[in-house]
Number of protein chains: 6
Amino acid sequence: MGLERPRPSYEILSGATADVYFARANSILDREGLDPVVLMEVFCREDAVICGMGEATNLLGHVLADEPGAVVEAMEDGDLVTPKEVVLRIHARYRAFALYETAILGMLAQSTGWATAARQCVEAAAPPPVISFGARHVHPDITDVLDYAAIVGGCVGASTPAGARLAGLNPTGTMPHSLVLIFGDTVAAAEAFDRDMPPDVPRIVLVDTFRDEAEEALRVARALGDRLYGIRLDTPSERGRVTAALVTEVRARLDQAGFGHVTISVSGGLTPERIRYFRDEGAPVDAFAVGSHISGASPIDFTGDIKEIDGSPIAKRGRIPGRTESPRLKPLDLAAWREG
Amino acid sequence: MGLERPRPSYEILSGATADVYFARANSILDREGLDPVVLMEVFCREDAVICGMGEATNLLGHVLADEPGAVVEAMEDGDLVTPKEVVLRIHARYRAFALYETAILGMLAQSTGWATAARQCVEAAAPPPVISFGARHVHPDITDVLDYAAIVGGCVGASTPAGARLAGLNPTGTMPHSLVLIFGDTVAAAEAFDRDMPPDVPRIVLVDTFRDEAEEALRVARALGDRLYGIRLDTPSERGRVTAALVTEVRARLDQAGFGHVTISVSGGLTPERIRYFRDEGAPVDAFAVGSHISGASPIDFTGDIKEIDGSPIAKRGRIPGRTESPRLKPLDLAAWREG
Amino acid sequence: MGLERPRPSYEILSGATADVYFARANSILDREGLDPVVLMEVFCREDAVICGMGEATNLLGHVLADEPGAVVEAMEDGDLVTPKEVVLRIHARYRAFALYETAILGMLAQSTGWATAARQCVEAAAPPPVISFGARHVHPDITDVLDYAAIVGGCVGASTPAGARLAGLNPTGTMPHSLVLIFGDTVAAAEAFDRDMPPDVPRIVLVDTFRDEAEEALRVARALGDRLYGIRLDTPSERGRVTAALVTEVRARLDQAGFGHVTISVSGGLTPERIRYFRDEGAPVDAFAVGSHISGASPIDFTGDIKEIDGSPIAKRGRIPGRTESPRLKPLDLAAWREG
Amino acid sequence: MGLERPRPSYEILSGATADVYFARANSILDREGLDPVVLMEVFCREDAVICGMGEATNLLGHVLADEPGAVVEAMEDGDLVTPKEVVLRIHARYRAFALYETAILGMLAQSTGWATAARQCVEAAAPPPVISFGARHVHPDITDVLDYAAIVGGCVGASTPAGARLAGLNPTGTMPHSLVLIFGDTVAAAEAFDRDMPPDVPRIVLVDTFRDEAEEALRVARALGDRLYGIRLDTPSERGRVTAALVTEVRARLDQAGFGHVTISVSGGLTPERIRYFRDEGAPVDAFAVGSHISGASPIDFTGDIKEIDGSPIAKRGRIPGRTESPRLKPLDLAAWREG
Amino acid sequence: MGLERPRPSYEILSGATADVYFARANSILDREGLDPVVLMEVFCREDAVICGMGEATNLLGHVLADEPGAVVEAMEDGDLVTPKEVVLRIHARYRAFALYETAILGMLAQSTGWATAARQCVEAAAPPPVISFGARHVHPDITDVLDYAAIVGGCVGASTPAGARLAGLNPTGTMPHSLVLIFGDTVAAAEAFDRDMPPDVPRIVLVDTFRDEAEEALRVARALGDRLYGIRLDTPSERGRVTAALVTEVRARLDQAGFGHVTISVSGGLTPERIRYFRDEGAPVDAFAVGSHISGASPIDFTGDIKEIDGSPIAKRGRIPGRTESPRLKPLDLAAWREG
Amino acid sequence: MGLERPRPSYEILSGATADVYFARANSILDREGLDPVVLMEVFCREDAVICGMGEATNLLGHVLADEPGAVVEAMEDGDLVTPKEVVLRIHARYRAFALYETAILGMLAQSTGWATAARQCVEAAAPPPVISFGARHVHPDITDVLDYAAIVGGCVGASTPAGARLAGLNPTGTMPHSLVLIFGDTVAAAEAFDRDMPPDVPRIVLVDTFRDEAEEALRVARALGDRLYGIRLDTPSERGRVTAALVTEVRARLDQAGFGHVTISVSGGLTPERIRYFRDEGAPVDAFAVGSHISGASPIDFTGDIKEIDGSPIAKRGRIPGRTESPRLKPLDLAAWREG
């Protein structure tokens with residue numbers, strides 16, 4: 001698995017998405033004839049699952065490939081880090097990369113926030129798997145990044161083709177309520193889904209649109225029989241959300257009717273606490289589909305500190321000058337970005 | 001002010017960023033020969049400042065411009081809405097827009113989350129203004145969207161050129177700590193900034209890099225004199241963050257030395273609560289620069305419900321069938337998107 | 001309205017239900033030749049709706065009817081009292097009534113506890129009415145007492161024939177889940193109910209047994225038409241209990257289908273807080289059926305203090321000797337109990 | 001020990017104390033010619049000490065003795081059960097017992113509530129014993145039921161003759177404050193008690209009526225000498241209630257004066273928390289007399305669910321159809337109720 | 001009223017009670033030939049009742065009486081100040097007073113802490129008066145200072161002769177428990193007190209030593225009749241402390257027996273909260289005797305800042321240089337300390 | 001170590017600092033010809049480090065040296081006691097010592113309060129030592145007592161010459177902010193301190209007066225080199241107080257510059273919680289200087305109870321008569337106080 005994104009966009013490379021003060025700093029240093037070699041270290045202040053590093057190093061690769069003497073050392077997507085641990089170190093001419101600090105920190109902050117939140121859900125749910133469904137909460141320009149981060153955090157699937165492509169998986173999903181509404185009946189929609197979808201798409205049917213979930217689950221199971229892979233419970237908050245007792249009851253009613261093979265997925269406002277509630281109550285959930293807990297996770301703030309200038313230790317007030325011992329960093333082969 | 005973004009990206013238009021089940025639904029309906037005209041209503045569940053609607057309607061404009069009978073009614077960016085109020089209504093063939101539901105909800109969710117958080121800061125700070133500095137917490141592909149949302153929420157400035165361009169403003173910013181570190185002295189950095197920047201860039205100098213803020217503020221004021229527009233206090237948490245007493249003291253020391261014209265901006269972990277603390281303590285802050293409270297705001301979840309199919313009221317369980325009375329919606333002129 | 005209970009039971013009159021120490025005290029006083037005239041005052045320590053006083057004074061009437069000089073003064077069922085206010089005063093030979101102190105305090109404690117809890121619900125719900133359904137939580141020997149107390153506290157109905165008889169009302173109720181289960185279908189059960197019950201019994205149908213409430217409500221309304229008086233929502237906790245949104249949705253769906261005349265009753269774990277939730281959310285509830293909040297209310301402790309003996313003020317430690325000013329007490333006509 | 005109550009009252013057998021909807025259901029089924037054999041299971045939702053089952057099965061014995069094929073299986077009074085565990089199962093013609101569901105649930109709810117609360121006190125106090133004194137908080141028609149439940153919960157004594165009779169014990173008690181007040185002196189009252197009571201009644205004297213408890217305890221001990229079994233401390237809340245230090249001091253003063261044989265009972269607002277306070281402070285209490293914590297305990301709600309009809313599994317929404325595995329239930333010998 | 005203390009002790013004047021670094025600073029300045037005129041301002045950080053200022057200015061008067069140009073401005077004992085308000089300003093040669101900073105701050109800190117706590121009690125109790133009884137909690141060398149501070153804070157009396165002398169009052173007090181214990185009976189002790197004390201000492205008798213307070217109060221009142229001024233209730237915590245109900249009961253029993261003239265004082269763990277409890281409950285307390293809430297009050301920290309040196313504004317980091325506007329300060333007539 | 005204070009003051013010996021009721025009690029007993037031998041026991045109600053006992057026994061030695069048969073048994077300063085443990089027992093004629101009860105309890109209360117608070121800090125800080133700096137919070141007449149108590153509680157130093165003398169140590173301290181302000185520069189002040197102080201005074205320099213602490217620490221270290229013993233961080237609350245990160249940073253900067261020998265002391269609002277924060281964060285603090293947590297500690301209330309009179313056990317209500325088993329008490333050699 002690895003995030004394969006092409007050459008960074010013109011917007012990023014031009015600095016248009018950077019804090020304006022970096023452009024100004026570059027301009028001032030240019031006029032003053034200054035361009036020291038600096039050592040920058042990047043860290044965050046909490047336990048986190050690193051993500052976005054593939055994108056960040058790709059950007060650094062593009063801008064530093066031809067820079068003599070430049071060294072980049074980094075953690076990898078999926079690494080777990082502790083507070084203040086260095087996750088990225090850049091040793092290069094300041095003006096060669098200064099303009100990209102905002103972009104690099106942003107890539108790390110947002111993806112690490114998502115991956116860390118995903119991991120909280122995955123740990124709460126295990127062994128049942130977690131699927132990420134949050135695309136509807138983030139801007140479409142970054143749904144792929146979200147889905148990739150969710151998978152780095154341990155989710156087994158994500159819902160957008162773009163995100164799945166980044167993660168090297170197929171997208172996962174069931175059917176929208178709108179499909180059931182248009183067919184006017186869950187069984188009719190399920191039968192069409194079964195008729196029209198390729199055989200490798202698992203038949204998972206939403207059963208809360210029109211009727212009681214237990215009744216609908218049995219109707220769908222009777223209609224699709226062995227071809228039914230599972231049902232998804234997504235009871236809206238207006239109807240009390242999915243409860244552990246509902247899952248247990250639906251499981252029992254399916255088993256009593258001979259549909260022990262039908263899996264049960266749960267969605268709707270899931271958080272690690274809510275997932276633990278299902279597990280503590282012994283509810284037989286086969287998979288959890290998580291939306292806003294992952295997609296709505298706040299970014300995790302990363303800081304880039306200059307720790308050496310032309311070889312001399314230095315730091316702003318509040319930080320300790322000089323290179324930090326960081327044995328887990330791995331050097332980047334910048335040559336790989338050089339264009340033939 | 002208005003968000004001017006060009007034709008939506010191929011990724012969006014192709015549905016690659018959509019939940020996969022929408023593509024599947026379209027495919028099934030196509031095979032089944034179904035394509036009813038539906039009425040979809042979009043709402044959220046909290047008080048919010050609507051943002052992202054310009055983008056969302058631009059996308060709808062592109063996909064529905066040539067659709068006979070299609071009607072789109074919407075709120076506008078900056079509108080304040082209450083829980084469950086309809087903010088967008090689409091009346092069109094389902095398959096003409098189904099694939100874009102994920103994108104539309106994502107545009108609204110993320111921008112509205114940011115704009116609403118920005119407004120909380122702006123209300124806490126007023127009359128002093130608020131500037132948004134959060135670019136480093138979000139993916140560079142959407143820093144422009146963040147900055148625009150912050151300004152819709154009431155901020156007077158944002159830090160990226162791309163964001164400022166979207167909002168029709170100039171980007172705002174001071175100088176990075178790295179510039180001061182490279183010059184090795186705040187006054188030297190300030191003098192270079194003053195020497196090299198165009199006259200319309202306000203001279204605002206960071207004074208917490210090397211020395212005590214009060215000492216440095218006076219040194220900078222003596223060096224730049226009347227050309228100094230202001231100082232920014234950004235004391236790191238390791239040094240106790242900026243306190244109200246520090247602002248008061250620096251103001252007093254500047255005034256006693258004859259630098260009453262020098263403004264004081266504050267940054268570093270600001271939230272509405274923290275802003276109120278400064279105001280309650282009577283600290284003479286001239287501007288607040290807010291980062292993660294805005295950029296780290298969780299998206300506000302939007303829901304799209306089908307309420308009519310081919311003219312008949314319908315709704316899934318938990319919702320009320322039929323069109324909701326929504327006098328504040330304004331119709332969109334879809335013809336404007338038609339290509340000559 | 002008035003509690004009409006016949007001659008107290010042999011068990012009560014014999015002292016078998018009294019604390020044994022009262023029998024012992026009587027025996028000792030007898031052997032010692034002591035039998036002073038005492039003044040006893042009864043009070044509780046909280047705000048309360050007095051109930052059980054009809055029973056208590058009936059008992060005193062039976063035992064003191066022929067006692068020369070005996071005086072009983074009392075509040076009436078339904079009176080609101082404040083902490084430490086005297087609610088009952090007995091001036092008589094000690095041995096003439098000592099054995100009944102336990103019974104009198106018990107009648108007051110339990111009924112006052114129920115009536116006070118009922119009133120809390122009634123005040124939270126008004127103007128919609130409250131019905132008491134708690135018979136299943138108390139011993140069958142006192143369900144009539146419970147139902148009477150609930151009505152004293154302001155309920156408009158109670159569910160047992162015995163209780164209703166005490167309060168001079170008809171019992172209220174809908175149908176048990178078991179009836180629906182036996183018919184195998186809510187509509188079939190509703191039609192039988194409609195066919196077989198006298199016309200003055202309102203047709204109120206439980207709609208949560210087999211199917212979704214909104215679906216079932218419409219089915220029943222279509223089957224019974226104008227003869228349907230109302231539906232009752234009693235969603236079990238396993239399905240998230242009744243929510244305000246469910247009531248609102250069912251109301252809307254009934255109205256849209258032309259069944260605006262069908263009322264909605266709610267039951268299931270109702271408390272004053274829960275009732276206020278429905279009202280705060282604007283849920284269109286027509287009646288609340290309350291069970292355990294009333295029937296499970298703790299008794300309100302009453303204390304009987306001797307304050308005079310043979311005309312001299314006296315009291316145990318912690319109490320103030322002598323008669324307490326109590327203008328709200330009304331004298332009892334003991335002669336009414338004398339047997340022709 | 002076993003609750004021996006005679007033939008259930010006419011009120012119960014006639015259904016007058018039942019929720020009216022059961023009578024209606026019976027009437028409808030009669031008119032419709034329906035009378036299936038049903039399986040009903042009864043359970044509660046918390047940890048509990050079962051009580052009231054003797055009464056409930058007595059009622060079922062009376063009504064089902066001559067019913068062919070009827071089977072009743074039940075727990076016994078004093079059994080500890082866990083949430084949702086089946087405590088009673090009835091397999092019989094529905095109309096043969098439907099009218100008694102309210103009575104059965106009420107017997108179980110109230111007695112189980114009391115027994116469970118009693119056990120909490122007993123566990124907090126052990127090894128010193130607990131006596132139940134709550135008759136004054138409940139209606140005199142059920143003081144015997146209360147006292148029996150307290151003893152099922154582990155109390156060693158209860159205060160009413162009727163209750164003691166049910167439990168096969170003698171009633172326990174000391175003397176009322178009124179006796180002391182009439183004698184005008186605790187010692188005089190104690191001497192009369194000693195003079196007039198049979199020798200098997202333990203001499204336990206209340207010592208808080210007129211004077212300081214420590215002073216009075218010594219005066220009484222000197223007056224009765226070896227015949228004094230114990231004293232009871234019941235300091236009113238107006239005087240700060242009984243404290244652990246008071247018990248310790250009275251114990252020390254009695255011991256110093258040679259009255260080491262005199263026991264100390266404590267009463268007044270005792271709860272498990274308060275009992276634990278005495279034990280944690282090391283107060284030498286010999287017995288605890290508990291009132292309202294037991295008598296004021298809320299009923300524990302029991303539910304009766306139909307799980308089979310004519311042999312087919314069924315259940316309302318929220319419950320799992322079919323017979324629940326319940327190995328602890330024991331079958332009832334219904335023949336024992338058949339009249340010669 | 002005013003604190004008249006003689007020449008400060010040798011220990012204070014020699015600097016032995018000062019922080020050693022002041023002696024060192026003086027020695028260094030002497031060797032370096034430095035002795036500027038400084039302006040020092042003293043303030044605290046909370047709302048407070050100033051006390052100890054009489055002592056502090058007396059010390060300054062002694063050391064600065066002959067210092068040319070020295071100016072001292074100060075608040076007075078009993079003044080209420082707000083946070084950061086200047087309470088004392090000294091303008092003099094640094095070495096003339098530097099050694100006394102510790103002593104001056106200590107005098108203010110401890111006395112202001114006590115006076116402020118006393119005022120909280122006085123405000124909670126008013127109109128009934130408060131008496132300070134805290135001598136047993138502080139070192140005997142400063143009981144006079146404590147008593148004086150309590151009176152500055154609003155107490156009407158204090159218990160030590162030395163403290164009363166400072167405040168120009170007679171000491172107040174009743175009798176110790178030991179006197180009652182030695183006489184073996186409260187009435188015997190009260191009669192001796194009445195026999196032996198001068199007529200101007202009010203007869204206030206402790207009534208909780210041996211017997212119940214209500215009983216003892218009546219016995220003492222009967223013994224001393226009109227000569228009894230009052231009783232004091234001081235029930236120990238082992239007996240539940242004094243309750244509002246006890247005061248009410250004793251008042252009622254005294255009044256019923258014709259002793260309406262006997263006052264009731266309360267003591268024992270009183271705090272402003274506890275005093276408010278008595279008032280909220282309507283307990284007829286005539287006086288409150290407060291101990292540890294006043295004597296155990298933490299000192300209120302005072303800070304002395306140098307704000308000018310030889311006429312130039314200066315301040316350490318965290319403070320604002322230069323003289324603070326302080327119109328409430330009054331100049332001290334230093335000449336009054338000059339020795340003829 | 002031992003507290004050597006001379007003959008108690010005239011104020012104490014005359015009873016002027018005693019509660020006036022003791023003088024009255026003595027006068028009454030004198031007139032009544034009573035003077036029994038009593039046994040008095042003194043205890044407190046919490047875990048404590050006993051202090052003030054040296055002073056208290058010195059006072060008892062002076063007043064009981066010539067009293068035939070008098071016995072005093074006591075704990076020693078520094079002993080740890082538990083709630084209600086007897087710490088002092090006096091067996092003597094009542095009138096021989098009654099007047100000194102207030103003084104004895106006051107000595108114990110205040111010193112024990114301070115010593116106990118000091119020990120809390122010492123335990124939180126260990127192994128780094130704690131120094132007491134609280135003289136500025138207490139009256140100068142008792143700063144020596146405070147400093148002695150702090151050392152009894154485990155502090156390794158205290159700041160006043162008088163206190164140090166009592167404890168047999170040299171006073172400890174650095175330099176006041178005023179010295180730095182007068183020199184106008186920390187380095188200049190440090191150099192003068194180094195030039196003028198005897199060589200045995202450790203060179204510890206305050207580094208927060210004018211400039212940033214990290215900058216100033218390096219300037220001072222460069223100026224004094226090996227002669228610098230340490231720096232003290234005392235950042236004011238207006239600048240966020242000392243943080244763990246500041247200590248870590250200053251340590252790192254000193255080490256990087258070759259000043260590993262320079263120690264770091266921390267002061268400013270330290271409490272056990274705050275000390276634990278530094279330790280939990282791993283901040284390399286070498287010594288903690290604690291002020292108001294020790295000097296502002298509330299006195300610990302001591303009670304003196306008469307438990308025997310002329311050999312007979314007795315006690316007031318709430319206490320247990322007679323001598324308490326107290327094996328840890330040691331008898332005092334009263335003969336040592338007899339004057340040749």
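Let's start at one residue, E:Leu64: leaving aside residues up to four places away in sequence, it touches E:Ala70, E:Val72, E:Ile90, E:Ala92, E:Ala96, E:Phe97 and E:Leu334. What you are looking at is a predicted model. E:Leu64 belongs to the largest nonpolar core, a set of 238 residues, and together with F:Leu64 it has the most contacts inside that core. There's a general idea behind this: in soluble globular proteins, nonpolar side chains tend to be buried together.

How confident is the predictor here? The complex gets an ipTM of 0.94 and a pTM of 0.92. Chain A averages a pLDDT of 93, with 98% of its residues scoring at least 70.

Now move to where chain C meets chain D. Each side brings residues to the contact: 92 from chain C and 92 from chain D. About 7,900 Å² is buried between these two chains, and carbon and sulfur atoms give 58% of that area. On the chain C side, the elements that give two or more residues include helix 1 (10-13), helix 5 (101-125) and strand 12 (302-309). Helix 2 of chain C gives the most to that side, with 10 residues. The rule also finds 15 salt bridges across this interface. In one salt bridge, D:Glu32 meets C:Arg195 at 2.8 Å, N to O.

Zoom out to all chains and the search finds 195 salt bridges. Take B:Glu215 and F:Arg211, whose closest N and O atoms are 3.4 Å apart. This pair crosses between chains, running from helix 10 of chain B to the loop between strand 8 and helix 10 of chain F. B:Glu215 is buried, because its relative accessible area is 16% and the cut-off is under 20%. F:Arg211, at 22%, is partly exposed.

Other salt bridges stay inside one chain. E:Arg219 and E:Asp185 pair up with their closest N and O atoms 3.2 Å apart. E:Arg219 sits in helix 10 and E:Asp185 in the loop between helix 8 and helix 9, so the pair ties together parts of chain E that are 34 residues apart in sequence. E:Arg219 is partly exposed at 22%, while E:Asp185 is buried at 19%.

In chain F, a salt bridge joins F:Glu73 and F:Arg89 at 3.1 Å. The pair links strand 3 to strand 5, with the two residues 16 apart.

Terms used: Residues numbered from 1 in each chain as written. Chains lettered and ligands numbered in written order. Predicted model: local features only at pLDDT ≥ 70, side-chain atom pairs only at ≥ 80, totals over all residues. Heavy atoms only, no water. Core = buried A, V, L, I, M, F, W, Y, C linked by side-chain atoms within 4.5 Å. Buried < 20%, exposed > 50% of the residue type's maximum accessible area, 1.4 Å probe, protein only. Contact = heavy atoms within 4.5 Å. pLDDT = per-residue confidence, 0-100. Buried area = accessible area lost by both parts, 1.4 Å probe. Salt bridge = Lys/Arg side-chain N within 4 Å of Asp/Glu carboxyl O. Helix = DSSP H or I, 4+ residues; strand = E, 2+ residues; numbered from the N terminus.
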